[in-house]
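Here is a briefing on helix packing and chain contact. Please keep the sequence and structure in view while reading.

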Amino acid sequence: MSNLDKLKSLLVDVFLLDPSAVRMDLKREEIDSWDSLGVVSLEVGLKETFGSQITPQEAMAIKSVQDIITLLSSKGIDFSS
Amino acid sequence: MKAADLGKATIWCTPSVSVYVQSHLSIPLSEPLTNFPADTRTLIAIGGGYLLDESKAWIQDKAPNVRLVAIPSLWGSGAEASPIIVQNRNGAKVIRMDAKFLPFARVIWPELARTIPEARAKEALGDCWANALEGFLSPLADDRLRGDIALLMQAMRRLPLGNHPDWFELSAQASAAQAQSSVGLVHGIAHTLEGPLIAAQPDQGWGHAKLCAVYLWPVTRFNFQHNNANRELLQKYGLDPDALLKIARDLYSDGAYRKALPLLQSLWTAVLRDRCTRTNSVLVRAPHLDYFTTEAFV
């Protein structure tokens with residue numbers, strides 16, 4: 001499974017989305033379940049899925065799926081393939 | 001606190017201890033929700049989590065000038081030491097949190113432990129241990145809190161897994177601790193299933209404590225198996241994960257687990273959405289239901 005597919009699967013599970021609703025241009029304000037608890041779940045899920053240490057501050061600063069990709073890329077996670 | 005400090009006081013207590021309480025205290029009993037004496041300055045609430053939380057809510061919503069003295073008659077919820085109010089409304093849990101919900105004072109009356117049947121005393125420890133362990137593993141816990149909870153769990157390990165008056169204090173500390181971080185999947189399942197289980201199986205004695213006791217072991221195994229960092233975290237603070245698993249196993253009931261399983265399956269989506277589940281130390285995903293239906297518990 002590519003890192004992009006892992007991320008899509010993670011978003012489905014963290015925010016309880018229908019898989020068809022996952023888009024790479026999704027923003028936080030478009031997802032009701034991306035609330036403060038969603039930030040916590042996202043932080044846990046990103047650590048479990050990608051092995052990267054995400055600080056609470058970094059998790060709170062994420063406002064879109066693209067932000068997630070940018071953050072993880074900065075930690076050496078490749079989304080190009 | 002002296003009796004004179006109470007002003008005009010009334011007691012609301014759970015029926016299981018009312019005879020004992022009346023034989024030891026000369027303060028009148030009343031039912032605040034229906035018959036609260038005028039000019040009362042202090043409400044003394046004596047009971048388990050349900051009564052204590054209803055007292056906290058009643059004072060907050062109806063009588064904010066009345067002081068609440070909370071005396072637990074059962075351990076587990078630690079409601080007397082928590083800024084959280086949990087109420088049952090229409091088969092679902094309504095949860096509020098605010099520092100102003102803390103009682104004016106909490107009192108431990110050790111002799112009340114004698115009124116608790118042994119089976120109930122042990123079952124209530126499921127809630128106590130779930131509060132401590134989930135509070136420790138919570139992604140919202142910091143090093144300081146984990147250190148405090150680690151010391152607490154070491155003290156809890158020294159007590160028997162049954163009726164002992166020292167559980168009142170440790171239970172209160174566990175509740176106060178998890179309020180500083182969060183709980184997790186044990187509570188997410190307990191909150192989701194309690195109402196439907198009571199409705200579907202009214203003669204099985206279902207309640208929050210029993211559900212915590214039943215699910216503590218399966219969920220702890222799940223958390224350990226799906227993220228080894230949980231074991232490492234406990235070890236970092238001098239705790240033995242396998243010893244904690246054994247405690248959880250001692251609280252577990254296979255028969256009760258099987259009885260609840262159909263509802264766990266049908267309500268799994270609701271479990272995933274529960275706010276407690278969403279702060280579990282392991283991300284709980286839809287396919288994880290398979291773990292709870294196919295693992296060694298069944």
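This is a predicted model: local features need pLDDT of at least 70, side-chain atom pairs count only at pLDDT 80 or more; totals for chains, interfaces and linings use all residues.

Residues are numbered from 1 along each chain as its sequence is written, while chains are lettered from A and ligands numbered from 1 in the order in which they are written. Helices are DSSP runs (H or I, at least four residues), numbered from the N terminus.

**Helix 10 of chain B**
- Helix 10 covers residues 254–266 of chain B, 13 residues in total.
- Its first and last C-alpha lie 19 Å apart, close to the expected 18 Å (1.5 Å times one less than the number of residues).
- Helix 10 of chain B bends by about 40 degrees at Ala260(B) (the angle between axes fitted to the seven residues ending there and the seven starting there).
- Pro262(B) follows that bend within four residues.

**Helix 6 with helix 10, chain B**
- Helix 6 (residues 185–200) packs on helix 10 at about 115 degrees, with axes 10 Å apart.
- Axes are lines fitted to C-alpha atoms, for helices over the stretch in contact, and angles run from 0 to 180 degrees between N-to-C directions.
- The two helices are therefore roughly perpendicular (65 to 115 degrees).
- In helix 6, Ile189(B), Leu193(B), Pro196(B), Leu197(B) and Ala200(B) meet Ala260(B), Leu263(B) and Leu264(B) of helix 10 (contact means C-beta atoms, placed from the backbone, within 7 Å).
- This contact has eight nonpolar residues, no polar and no charged.
- Ala, Val, Leu, Ile, Met, Phe, Trp, Tyr, Cys and Pro count as nonpolar, Asp, Glu, Lys and Arg as charged, and the others, Gly among them, as polar.

**Helix 4 with helix 5, chain B**
- The axes of helix 4 (residues 143–157) and helix 5 (residues 167–178) come within 10 Å and cross at roughly 155 degrees.
- That makes the pair roughly antiparallel (over 145 degrees).
- Their contact has eight nonpolar residues, one polar and one charged.

**Helix 3 with helix 7, chain B**
- Helix 3 (residues 118–137) and helix 7 (residues 208–226) pack at about 40 degrees, with axes 7 Å apart.
- Nine nonpolar, four polar and three charged residues make up their contact.

**Chain B with chain A**
- Here 11 residues of chain B contact 10 residues of chain A.
- The chain B side has five nonpolar, two polar and four charged residues.

Key:
Two residues are in contact if their C-beta atoms, placed from the backbone, lie within 7 Å. Angles under 35 degrees count as roughly parallel, over 145 as roughly antiparallel, 65 to 115 as roughly perpendicular and the rest as oblique.
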